[in-house]
Amino acid sequence: MLVGCARREAPGRDRVNAQGGFTRKGWILFAVMALVWGITYLFIKEAVHSITPPAVVAGRTLLGGLVLLPFALRSGALKAAWKHWPWVLAFGLVEMAGPFLLLSHAETQLPSGLTGLLVATVPLFAVIIALLRGDRTALAPVRLGGLLLGFVGVAVVVAGPGLFPSESASVVAIGEILLTAVLYAIAPFIIAHKLSDVPSIGTITLALFAIGLGYLPAALLTQHEMPTLRSGISLILLGVVCTAVAFVAFFALIREVGPVRAPLFTYVNPIVAIVLGTIFLAEPITPGLLIGFPLVIVGCWFAGTGGRLRPRKETLPPPQMP
């Protein structure tokens, strides 16, 4: 037998691209995520007008789970995901339970465009997590400089002139968004290192139902009024488009480009959020946003990519002789 022959992969398993290079498929998935999660902030802003944050979380997760359930059952992915339920639940808590509630509550105080901009710090935290895991490429001068520039941009946005009212509620809301960014940065590493052998649709479906059922009692206790038509439609779009469809694309993007580069689409989300917020919600473009936004975008880009559109190809060792 030859030494080092390739093993046959088990069917139905999702393999993660360890090198994390952007392929054509990766860029397509990147564009899908940039658009789909860019419009999320607009839908959340509309939904919380007459739906409480716990009800928004329960509604979008249960609806998203119902959309994916037939596919997960037919493929047997749900049964496979159940065998890894502790990590599936951990993923749901980090990616859904915490962020969905924090975002919904924060958008009762903040414009949707600002929310999208602050969430764009996800790649900065992803680089820090990679560094803590031993990825020393984050110490490269260009990436480290981008990391510092990105945090300067966040500081300008948070403390910039004319950005938000001075009441404590807005400060708390900004803290909620930054905590959301940290959680969003952790989730891809759980997928890549703990759930890479689990069919993605099974993981997503099981996590959505777990979080949705967990929030259902709070939703029933806090929702005392009939939602408006706009809020109801926004919640449906959140569940179908921004949850079910988005998570399928998100898992595919992580498999294609890796957990560090996958969050790069959050650079584009604020542009979508700010444009939609300005057009549909008449949200103002403040000096803090104008000054801090370019700094965050440029800083995140250099921190995550080192300034390259495509990573350098690694030199493979020569094959072993028989």
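Ser-50 sits in the loop that joins α2 to α3 (53-75), where helices are DSSP runs (H or I, at least four residues) numbered from the N terminus. The model is a predicted one, in which local features need pLDDT of at least 70 and side-chain atom pairs count only at pLDDT 80 or more, while totals for chains, interfaces and linings use all residues. Residues are numbered from 1 along each chain as its sequence is written, and side-chain values use heavy atoms, with hydrogens and water left out.

With a relative accessible area of 5%, Ser-50 is buried, a term that stands for under 20% relative accessible area with a 1.4 Å probe and protein chains only. Its side chain reaches the backbone nitrogen of Thr-228 at 3.0 Å. Beyond its neighbours within four places in sequence, Ser-50 is in contact (heavy atoms within 4.5 Å) with Gln-223, Glu-225, Pro-227, Thr-228 and Ser-231.

The aromatic residues come next. Seven aromatic pairs are found in the whole structure; rings of Phe, Tyr and Trp (its six-membered ring) pair if their centres lie within 6.5 Å, and planes under 30 degrees apart count as stacked, over 60 as edge-to-face and the rest as tilted. Trp-37 and Tyr-184 form a stacked pair, 6.2 Å centre to centre with 15° between the planes. This pair links distant parts of the chain, since Trp-37 lies in the loop between α1 (24-36) and α2 and Tyr-184 in helix α9, 147 residues apart. Both Trp-37 and Tyr-184 are buried. Trp-37 also pairs with Phe-247, and because the ring centres are 5.5 Å apart and the planes stand at 85°, this pair is edge-to-face. Phe-247 belongs to helix α11, so the pair ties together parts that are 210 residues apart in sequence. Phe-247 counts as buried at 0% relative accessibility. Ring pairs link Trp-37, Tyr-184 and Phe-247 into a cluster that also includes Phe-91, Phe-100, Phe-250 and Phe-251.

Among the 17 residues that line the largest cavity, the closest to its centre are Trp-37, Glu-95, Tyr-184, Phe-265 and Thr-266. A cavity is a set of points on a 1 Å grid over the protein atoms alone where a 1.4 Å probe fits but cannot get out, and lining residues have an atom within 4 Å of a point. The lining of the largest cavity takes at least two residues from each of α2 (40-47), α5 (85-106), α9 (168-194) and α11 (229-257), and α5 gives the most, with three.

Methods:
1 Å grid on protein atoms, 1.4 Å probe; cavity = no way out; pocket = protein on both sides within 12 Å on 5 of 7 lines; lining within 4 Å. Buried < 20%, exposed > 50% of the residue type's maximum accessible area, 1.4 Å probe, protein only. Polar contact = N/O pair within 3.5 Å; in protein donor to acceptor, adjacent residues only side chain to side chain.
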